[in-house]
Structure formats: C-alpha cells, structure tokens
Amino acid sequence: MKIGEYLKKRREAAGLTIEQLCTNGPGKAAAIAMMSDLEAGLIEATENHIYQLWQIIAFCPDTAMAILKGKDVRICKSCGCSWKDACVDEHGHTCHWVAMDRCSHCDFQEAA
Ligand SMILES: [Zn+2]
Ligand SMILES: [Zn+2]
C-alpha cells in the first residue's frame, strides 16, 4: 500500500473529509490542495506530513513510517488498520485478522 492511500484510508476510517482535516484560516485552500495531492500520491509524503496528520487522525505513526520507508507492513486493505492501530467497535472490542489483508471489522461491515 502506498503512503497516500494509507493516509486516505485512515482519514476515511476516522470519518473525516479533507476539508475537515484542514484547519480554518488563510492557508486552508492550500492545505486542502496539498492533502488531496498527498493522498493521490502526486506529492511525496514526508515524516513531517505524517507527524502533523498524526495529531489529527488517530493512526499508528510506526505503521505510517514503515510504509514511508517501503517496508512490508500488514494492513487491512479496506480500512487501513494494522495490529498497532486496530479498529474498536462500540463494545470496545478490537478487530483481528480474517485474511492476510482484511480485518474482522471490515469483514463484519461488508457482510452486514
Ligand atoms: Zn479493516
Ligand atoms: Zn480493523
């Protein structure tokens, strides 16, 4: 998975739009444009991007850094969760792997 794709999935899993992600202010339009390019892979994500986004979206920075460095990390291809950054349902239960690239949370959601 590419870093842009990962960040997009984590943002969507957090229920945020790019618009909501970018703080209001004079730089908002530029921030939205940058975030769109970042997710589309048009610009290369840096550790600094990850650090900034991590303050807003609850993803695992270790996972993001590993992807950035091109390491093979096990990630759910539907929602982008990983073992350090599992989905938590309304009962407080974390997800588990049902396939190499699929977590129980997504499996349950898509079956429902
Ligand atoms: Zn998942
Ligand atoms: Zn999950």
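**Close-up views of a predicted model**

**View 1. Tyr6 and its partners.** Setting aside neighbours within four places in sequence, Tyr6 touches Met1, Ala64, Ile67, Ile75 and Gly80; here, contact means that C-beta atoms, placed from the backbone, lie within 7 Å. This is a predicted model, in which local features need pLDDT of at least 70, side-chain atom pairs count only at pLDDT 80 or more, and totals for chains, interfaces and linings use all residues. Residues are numbered from 1 along each chain as its sequence is written, while chains are lettered from A and ligands numbered from 1 in the order in which they are written.

**View 2. The largest nonpolar core.** Here you meet Tyr6 again, among the residues with the most contacts inside a core of 19 residues; Ile3, Ala64 and Cys103 are also among them. Such a core is a set of buried Ala, Val, Leu, Ile, Met, Phe, Trp, Tyr and Cys residues joined through C-beta atoms within 7 Å, buried meaning 20 or more other C-beta atoms within 10 Å of the residue's own, with 12 or fewer for exposed and partly exposed in between. Helices α1 (3-13), α3 (28-40) and α5 (61-68) each supply at least two of its residues, and α1 gives the most, with four. Helices are DSSP runs of H or I, at least four residues, and strands runs of E, at least two, numbered from the N terminus.

**View 3. Where α1 meets α3.** Gly4, Leu7 and Lys8 of α1 face Leu38, Glu39 and Ala40 of α3.

**View 4. Gly70 in its loop.** Find Gly70 between α5 and β1. Gly70 counts as exposed because it has 8 C-beta neighbours inside 10 Å.

Conventions: Contact = placed C-beta atoms within 7 Å.
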